Amino acid sequence: MIWKIAVSSRFYFVRVLVLTGAGVSAESGIPTFRGKDGYWRNLDPAKLATSEAFARDPQLVWDWYRERRERIRNARPNAAHEAVARLAQGTGEFLLVTQNVDDLHARAGITAEKMVRIHGDIFVTRCSRCEFERHEYEHPPPPRLRRTSEQEQEQEHEDVVPRCPKCRALMRPGVVWFGEQLSRNELERVENFLDGGACDVVIVAGTTATFGYIIDWALRASGDRGQLIEVNPEETPLSRFATRLVREPAAIALPRIVDELAN
Ligand SMILES: [Zn+2]
């Protein structure tokens, strides 16, 4: 049974959890890590998004992240982001957990308290050693002209690989790399929401659900009575648990699903 209280033309579910991954942003032109589209300078992103790659060649990793930042700044939220935002507005207790480090859900209108960015925020630059971090939506372009003095050369290098103003260690993008732990704070926010009771509807969209925690959260949230809707063009490890499978891209399926839930 789905608990739904209709108030005039709006719809109010009691509790909804939405989990999203790269497939939701792909239609805004943000390449996923998987497949040929994700390759950059013939390099596999899954190997660039690691602390090992950063230790070996921080400038290369920063070059890649700057290009991704620029691409994201130039992208726009698509119909999937807008549908999730609409669902959030009409739901009593709502949480979006996204694996995406872009800001497209936020730009579609999801507020920070209704969203957990489990893999971080690409527009945060944080120290690799201490707690210092800053939000850096616009990054100065790398200098084009060669400078000569030693001091200027050092400055040029800093433009490319920033250093912490507090402890001078290298700064890195504020994202969770492969092999790294998820942020404790963000995990706690997910756990708190799950502890608040079972959800009426759980939607998992645009993620291959290869991380065990995605399946774990989806199953715990849907419990015995909730709908578990998977939106993904291909089968995933989550598919066999879903109460409904929608084999379409998120930007096509999600607006329709949200409309159906509203009726
Ligand atoms: Zn520092």
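**From a buried serine to a zinc site**

Ser25 is buried, with a relative accessible area of 2%, where buried means under 20% relative accessible area, exposed over 50% and partly exposed in between, computed with a 1.4 Å probe on protein chains only. The structure is a predicted model, in which local features need pLDDT of at least 70 and side-chain atom pairs count only at pLDDT 80 or more, while totals for chains, interfaces and linings use all residues. Residues are numbered from 1 along each chain as its sequence is written, and side-chain values use heavy atoms, with hydrogens and water left out.

Ser25 lies in helix H1 (residues 22–26); helices (H or I, at least four residues) and strands (E, at least two) are DSSP runs numbered from the N terminus. Leaving aside residues up to four places away in sequence, Ser25 touches Ile30, Asn78, His81, Asn100, Asp102 and Leu104, a contact being heavy atoms within 4.5 Å. With Asp102, the side chain of Ser25 also makes a polar contact of 2.6 Å, that is, a pair of N or O atoms within 3.5 Å, of which, within protein, one must be able to donate a hydrogen and the other to accept it, and for which residues adjacent in sequence count only if both atoms are side-chain atoms.

Elsewhere in the chain is a zinc ion, coordinated by the SG atoms of Cys127, Cys130, Cys164 and Cys167 at 2.2 to 2.3 Å; donors are N, O and S atoms within 2.8 Å of the metal (3.2 Å for Na, K and Ca), and water is not among the atoms, so sites may look incomplete. Along the chain these donors follow the spacing C-x2-C-x33-C-x2-C. Cys127 in strand S5 (residues 120–127) and Cys167 in the loop between helix H7 (150–160) and strand S7 (171–175) are 40 residues apart, and the pair links distant parts of the chain. Cys127 counts as buried at 1% relative accessibility, whereas Cys167 is partly exposed at 22%.

S5 and S7 are joined by 4 bridges; Cys127 stands opposite Met171 in S7, and Arg126 stands opposite Arg172 in S7.

Technical notes. Pairing = 2+ DSSP bridges.
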